[in-house]
Amino acid sequence: METIKNYLEAMFANMPNTPEVMKAKAELFSMMEDKYNEMIADGVSENEAVGTVISEFGNLDELAEDLGLVKEVEEVHVREVERPRRFVELSEVQDYLDGRKLRGIMIGAGVFLCVISVIFPIIADEFAMRESYGILGMFISIAVAIGLFIFSGIIGNDFRYLQKELCQIDMSTAEYVKDKKNDSKYALAMMQTIGIILCVVSWLPAAVFDNKMAPVCLFVMVGIGLFLIIYSAKIKNGYNTILNLNDATTISGTYGKELDAKYISRTAEVFMSVYWSTITCIYLIVSFVTMNWGSTWLIWIIAAIVHKILKVALVKED
Amino acid sequence: MVEISSDVIRGYNDTMILSILIKEPSYGYEISKQIRRISDDKYIIKETTLYSAFTRMEKNGYIESFVADKDPEGNGKKRTYYRVTDAGREFYNSKCDEWVLTKEVIERFIEKK
């Protein structure tokens, strides 16, 4: 079956990425699949079934004509010659994604250091050390952060061509990135959620304990929260950047846009996109009104469970 | 063994498909199977030919497509089904008349062995 799929992808490799072509590909695949399954059910060997299906497929030139795509197919050819799109190899994509991860850690750590830099004077004060130690700690922390920003910028420069040049990826690379994105989906969403929660509840210690170290806690929590948010966003955007390289004018392959969850209706989509901000508002309002910070955090747990259920209920199945 | 040349049969793929759809709405693979069966395995329509014919006839208003979740055997696969329209029936009839005439004319030039 995999062979048939690859064959079809190869046949469509020079077709533009329009909805008509996508539909044709899906329909042809469905017919080939039916034929293959029936032959297998009749006891034909797998190799023979694949061979028959492929030999009876026909050719795509006549299809281009009937789909009214002759012009587009030609345009794709002309464009390849006049304004060639750079083919980004799988190894380059892997380098980019690894670099992205590293930069996520660097920028996240830099932001973390900037945020926590202010705790050094507080610590110095608390432990009755000389004030200059605190100031020194603060500046070192900021200096390291700036170093990290600059270094991450240099790494990023290696991949500027992804933004500046017209690029495209082939089908197998798109599939690879798509799989990776799907695999890391939950881990990234979890990181982002924990990051947001940390930022939101960061000042809880300061509210509960009347202690000089409470502000330290606040800054560390915000710092970790921001690190998680930045790191997960960096990785996620990396996948999207690669997947969005292909569009309607490139050869067929995965569109980035298609990969996100499709909701059953426009309303559901809008609702889900504002879900977490709404929960944050509810949390803050309820907490401030009741001043019951000790138990209002339960809203997050309930919201996470409700989110999971809504997602199952509202996402359109393919 | 002689084979049907695709140039000759091209003009009549639509007729074959319509004759099957006039009996009942059907989907891609089922139609290609029917064509094969009715022609006693003498003509196997290519997938691309079939799909081209669908898009062309749909554009001309001879057939309509709809998506059905289940086929009569209760198979769960989602498929695009096609059904014939009134314009399609009319077109089919005119193609039948055309063929009778074509056959009659060509026959006169064919040497009987």
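In the predicted model, the buried residues of helix H2 of chain B are B:Gly28, B:Tyr29, B:Ile31 and B:Ser32, a residue being buried if 20 or more other C-beta atoms, placed from the backbone, lie within 10 Å of its own, exposed if 12 or fewer do, and partly exposed in between. Viewed down the axis of H2(B), these buried residues fall within an arc of 160 degrees, so they line one face of the helix; the arc is that of the directions from the helix axis to the C-beta atoms. They pack against H2 of chain A, together with helix H1 (6–23), strand S1 (26–27) and H3 of chain B. Helices (H or I, at least four residues) and strands (E, at least two) are DSSP runs, numbered from the N terminus. Just after H2(B), B:Asp40 adopts a positive phi of about 55 degrees. Phi of B:Asp41 is near 65 degrees, a positive value in a residue other than glycine. B:Asp41 is found in the loop between H2 and H3 of chain B and is exposed, with 8 other C-beta atoms within 10 Å.

Residues are numbered from 1 along each chain as its sequence is written, while chains are lettered from A and ligands numbered from 1 in the order in which they are written. Because the model is predicted, local features need pLDDT of at least 70 and side-chain atom pairs count only at pLDDT 80 or more, whereas totals for chains, interfaces and linings use all residues. The mean pLDDT of chain B (the predictor's confidence in each residue, from 0 to 100) is 86, and 93% of its residues reach 70 or more. The predictor assigns the complex an ipTM of 0.84 and a pTM of 0.55.

The contact between the chains takes 17 residues from chain A and 14 residues from chain B, two residues being in contact if their C-beta atoms, placed from the backbone, lie within 7 Å. On the side of chain B that touches chain A, the elements giving two or more residues are helix H2 (28–38), helix H3 (47–59) and strand S3 (79–84) of chain B. H3(B) gives the most, with seven residues. By class, this side has three nonpolar, seven polar and four charged residues; Ala, Val, Leu, Ile, Met, Phe, Trp, Tyr, Cys and Pro count as nonpolar, Asp, Glu, Lys and Arg as charged, and the others, Gly among them, as polar.

Chain A has 16 helices and two strands, and 25% of its 318 residues count as buried. Helix H2 (residues 19–41) and helix H3 (residues 46–55) of chain A pack at an angle of about 145 degrees, with their axes 9 Å apart. Axes are lines fitted to C-alpha atoms, for helices over the stretch in contact, and angles run from 0 to 180 degrees between N-to-C directions. In this pair, A:Met32, A:Lys35, A:Tyr36, A:Met39 and A:Ile40 of H2(A) meet A:Glu46, A:Ala49, A:Thr52 and A:Val53 of H3(A). The residues of this contact comprise six nonpolar, one polar and two charged.

Elsewhere in chain A, A:Ile122 lies in helix H7 (residues 119–126) and is partly exposed, with 17 other C-beta atoms within 10 Å. Leaving aside neighbours within four places in sequence, A:Ile122 is in contact with A:Lys212, A:Pro215 and A:Val216. A:Met291 has a positive phi of about 55 degrees although it is not a glycine.
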